[in-house]
Amino acid sequence: MQYLLLMYFDEAWDQLSVAARQQINGEQRQLAHQLTASGQYLAGAPLHPPSTATSVRVRDDKRLVTDGPFAETREQLGGSMLGFP
C-alpha cells in the first residue's frame, strides 16, 4: 500500500512572514528526510502557484487550453509526497 500526502495552502500563506514560511518549509523538508531515512519516501514535488496554471480540456476530440486554474477555490494544492508504511 502507498500513501500520498497532499499539501494545501490558502490565501493566508501570502500573509505569512518570510520567517514563518521558512519554518513551514523547513518542517516539510524535515519530514521528507525522516521518511527517506526510514526508507518510506518514494517521491515528492512542489507545484507552481495557481497564477501560472494552464487548464487543458478535451471535448468532442477538440483540445481547449486556457490560462488559470480549473476551479476557483480558497485552497490550492501546493505539492505532494508519495510514500509507503
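A residue counts as buried when its relative accessible area is under 20%, as exposed when that area is over 50%, and as partly exposed in between, using a 1.4 Å probe and protein chains only. Keep that in mind as we walk through this structure.

The model is predicted, so local features need a pLDDT of at least 70 and side-chain atom pairs count only at pLDDT 80 or more, while totals for chains, interfaces and linings use all residues. Residues are numbered from 1 along each chain as its sequence is written, and side-chain values use heavy atoms, with hydrogens and water left out.

How confident is the predictor? The score called pLDDT gives its confidence in each residue, from 0 to 100. The protein averages 83, and 92% of the residues score at least 70. Helices (H or I, at least four residues) and strands (E, at least two) are DSSP runs, numbered from the N terminus.

Now look at strands β3 (residues 54–59) and β4 (residues 62–67), which pair in the antiparallel sense over six bridges; two strands pair if DSSP finds at least two bridges between them. Together β3 and β4 form a hairpin with two residues between them. Arg59 stands opposite Lys62 in β4.

The loop between β3 and β4 holds Asp60 and Asp61. Most residues other than glycine have a negative phi. Asp60, however, has a positive phi of about 50°, and phi of Asp61 is near 60°. Are these residues buried or exposed? Asp60 is exposed, with a relative accessible area of 74%, and Asp61 is exposed at 79%.

How values were computed. pLDDT is the predictor's confidence in each residue, from 0 to 100.
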